[in-house]
Amino acid sequence: MTGQIKNKQANNGQLKNGQVNSGQINNGQLNSGEHESLSIGNSGLQYFGSMSASIAHEIKNALAITNENAGLMEDLSLMVIKSGQPLDPERIAKLSRKVMDQVKRADEIVKKMSRFAHSVDDPVKVINLTELLDLTLDLGRRSASAYGVTLAPVQCEIPISVQTNPFILMNLLWLVIKSASTRVNSDKQLQISVSKEQKKVRITITNLIKTEDATQDAKKISAPNKDEIIYLANFLDIELDMKQEREIILLLAG
Amino acid sequence: MSEKILLIDDETEFLEIMSERMKNRGMDVTTVASPKDALVKVMNETYDAIIVDLMMPEMDGLQTLKALKKINPDVQIIMLTGHATVEKGIEAMKLGAMDLLEKPADLNTLTEKIHKAKARKMILVEKHTEEKIKNIISSKGW
């Protein structure tokens, strides 16, 4: 994770079995900027784009509700002018509270957007893993719900810090979550937990079933490219086990 | 006669406030937060206009549009969207949406579109009635 590429080979720009192939590797080394751009690649841009679109939708929804509350206050004022009946102060107070709630909601969304945008600032950083997972899930909830999957809050008993590339880890986690969604159990809720195991940190995604037993709805979800997932895991030195029947395991250096 | 509207959006607070404003303008509004519930409503009732959010859980707006048109090809659908892309707009129109409005929408603009939707629906109803009468006359041989 210092900008050096380890055990990875060049091969006509094609991606195979987790090997990186840029044709731009000089003696096995890239500077950190080149290294990161290469790793963000198409899936990173897609991830950034889809999360940004989802954030925009959430903000627009908050704005729409604010707009309608303001519009209703205007309607009520016009009715008062027409009818001459006094305005109910409690009604106006209730509408004002609703506007404030939506401003708070939009502010929370913008804060998350800002944290997400800054996740590309540093190629390597010490991060609170639970916070990063929470952010990944919060941003992904609307996209997941579009294909009928809910994401349970992260289960983690102690704060765990890891040194990693925050954006690429978020991208990897999202691709793994999307892949897990194609074989989620019939209650359609993915459970994600984090635990510390000696020198490793374990992220487990559970409530899965065998691919062949997945529901028809789950089978309709387009699974992300496995090579991309393997490549990102290799890039971050994460041991990834997607072969278990009921869970997916990611092991990070702790 | 007031316009009969079905409003479909997963944001319940939006449904609540929007329907109140529309009712204040004399419209008869039914709200549903789930596209699946909307399909049931459309099977049993007719509406002058159906307003659908483009992005919803369970079933997105375009899938909902297709399903509603399958139940009743004459339904007049106005799409509401939080993040309109030209492609999505074109796709919605190709699938038979009457119009597309971006959130936050201006209620006066939406009301104009609802009036247009009602007029279109009435033309279609008259056309179908005329066809039915023609069929009856020709089949009876009067």
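The model is predicted: local features need pLDDT of at least 70, side-chain atom pairs count only at pLDDT 80 or more, and totals for chains, interfaces and linings use all residues. Residues are numbered from 1 along each chain as its sequence is written, while chains are lettered from A and ligands numbered from 1 in the order in which they are written.

**Chain A**

Select chain A. Six helices and eight strands are present there; helices (H or I, at least four residues) and strands (E, at least two) are DSSP runs, numbered from the N terminus. Along the sequence they follow the pattern α-α-β-α-β-β-β-α-β-β-α-α-β-β. Of the 254 residues of chain A, 32% count as buried. A residue is buried if 20 or more other C-beta atoms lie within 10 Å of its own, exposed if 12 or fewer, and partly exposed in between, with C-beta atoms placed from the backbone.

**The cores**

Next, select Leu172(A) and Val176(A). Within the largest nonpolar core, of 45 residues, these two touch the most other members. A nonpolar core is a set of buried Ala, Val, Leu, Ile, Met, Phe, Trp, Tyr and Cys residues joined through C-beta atoms within 7 Å. The largest share of this core, eleven residues, comes from α4(A). Beyond its neighbours within four places in sequence, Leu172(A) is in contact with Ile229(A), Leu232(A), Ala233(A) and Leu236(A); contact requires C-beta atoms, placed from the backbone, within 7 Å. Apart from this core lies another, of 39 residues, including Leu6(B), Leu15(B), Val52(B) and Leu110(B).

**The sheet of chain B**

Move to chain B and display its strands. Five of them form an open sheet with parallel pairing, in the order β2-β1-β3-β4-β5; two strands pair if DSSP finds at least two bridges between them. At the edges are β2 (28-32) and β5 (99-102) of chain B, each pairing on one side only. Neighbouring strands of this sheet are turned by 20° against each other on average, direction ignored. Axes are lines fitted to C-alpha atoms, for helices over the stretch in contact, and angles run from 0 to 180 degrees between N-to-C directions.

Select residues 49-53 and 77-81 of chain B: these are β3 and β4, which pair in the parallel sense over four bridges. Here Ile50(B) stands opposite Ile77(B) in β4(B).

Helix α3 (residues 61-71) of chain B lies across β1, β3 and β4 of chain B and runs at about 155° to β3(B).

**Helix α5 of chain B**

Select residues 107-140 of chain B, helix α5, where Ser139(B) is found. At 1.5 Å a residue (multiplied by one less than the number of residues), the 34 residues of α5(B) should span 50 Å, and the end C-alpha atoms, 49 Å apart, agree. Its buried residues are Leu107(B), Leu110(B), Ile114(B), Ala117(B), Lys118(B) and Lys121(B). Why does Ser139(B) count as exposed? Ser139(B) is exposed because it has 8 C-beta neighbours inside 10 Å.

**Where the chains meet**

Conventions
Two residues are in contact if their C-beta atoms, placed from the backbone, lie within 7 Å.
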